[in-house]
Amino acid sequence: MTDFKDINYLKSGTERQQKAFEVLNENLILQKLSDFDATLIGTIPINIDIASSDLDIACYWNDKKHFIEILKNTFSKENDFKLYERDINSSQSVVATFFVNDFEIEIFGQNLPVSEQFGYRHLLIEAKILNKYGENFRRKIIELKESGVKTEPAFAQLLELKGNPYQALLNFKII
């Protein structure tokens with residue numbers, strides 16, 4: 001299984017993964033967030049991205065005000081910088097979005113270790129599912145995403161999972 005905590009796997013990936021690696025490294029995005037266990041998650045690491053997919057970065061903060069301050073001081077001059085707070089899965093969450101080169105970047109932080117956040121857990125489960133079900137399954141996921149279906153609902157649809165697709169995916173057992 002890929003070590004998603006170390007983005008070096010992107011260097012030998014698809015063209016888009018290689019571009020993501022360059023953007024993250026040239027702009028020191030993860031290094032600037034290293035105090036927050038910044039981890040690239042989402043669709044690009046597992047090659048199910050579409051043209052509109054962004055670079056999702058999960059972070060763990062202990063002090064929300066400090067995290068917000070770092071985000072503002074570090075990224076507020078980037079194109080279309082936005083920062084907002086919301087309650088997601090009963091956790092206070094801070095989200096910052098902006099554009100660097102051809103990528104929208106979304107930084108998502110919670111007072112929850114990255115390894116426990118839904119986004120990271122989904123990434124690991126989705127990678128295992130893709131590994132098990134293969135290329136045809138991956139293409140069907142991309143087709144659904146291109147038709148407007150979000151990632152977790154696309155997996156749930158193809159796997160015939162019932163109920164909330166985000167929770168159902170977390171409960172899915174890979175045999």
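1. Six aromatic pairs are present in the structure, which is a predicted model. Among them is the pair of Phe-4 and Tyr-9, whose geometry is edge-to-face, with 5.5 Å from centre to centre and 85° between the planes. Phe-4 and Tyr-9 are both buried.

2. Further aromatic contacts deserve mention. One aromatic cluster is made up of Phe-75, Phe-81 and Phe-98.

3. The volume of the largest pocket is about 1100 Å³. Its lining comprises 35 residues, and those closest to the pocket centre are Asp-56, Glu-106, Lys-150, Glu-152 and Tyr-166. Two or more lining residues come from each of strand 2 (55-60), strand 3 (79-88), strand 4 (91-100), strand 5 (103-110), helix 4 (118-146) and helix 5 (151-159). Helix 4 contributes the most to this lining, namely seven residues.

4. Sixteen residues line the second largest pocket, and Thr-2, Ile-46, Ala-127, Leu-130 and Asn-131 are the ones nearest its centre. Here, too, helix 4 gives the most to the lining, with seven residues. By class, the lining of the second largest pocket consists of eight nonpolar, five polar and three charged residues.

Technical notes: Residues are numbered from 1 along each chain as its sequence is written. This is a predicted model: local features need pLDDT of at least 70, side-chain atom pairs count only at pLDDT 80 or more; totals for chains, interfaces and linings use all residues. Side-chain values use heavy atoms; hydrogens and water are left out. Rings of Phe, Tyr and Trp (its six-membered ring) pair if their centres lie within 6.5 Å; planes under 30 degrees apart count as stacked, over 60 as edge-to-face and the rest as tilted. Buried means under 20% relative accessible area, exposed over 50%, partly exposed in between (1.4 Å probe, protein chains only). On a 1 Å grid over the protein atoms alone, a cavity is a set of points where a 1.4 Å probe fits but cannot get out, and a pocket is an open set with protein on both sides within 12 Å along at least five of seven lines; lining residues have an atom within 4 Å of a point. Grid points are joined across faces, edges and corners, and a volume is the space filled by probe spheres set on the points. Helices (H or I, at least four residues) and strands (E, at least two) are DSSP runs, numbered from the N terminus. Ala, Val, Leu, Ile, Met, Phe, Trp, Tyr, Cys and Pro count as nonpolar, Asp, Glu, Lys and Arg as charged, and the others, Gly among them, as polar.
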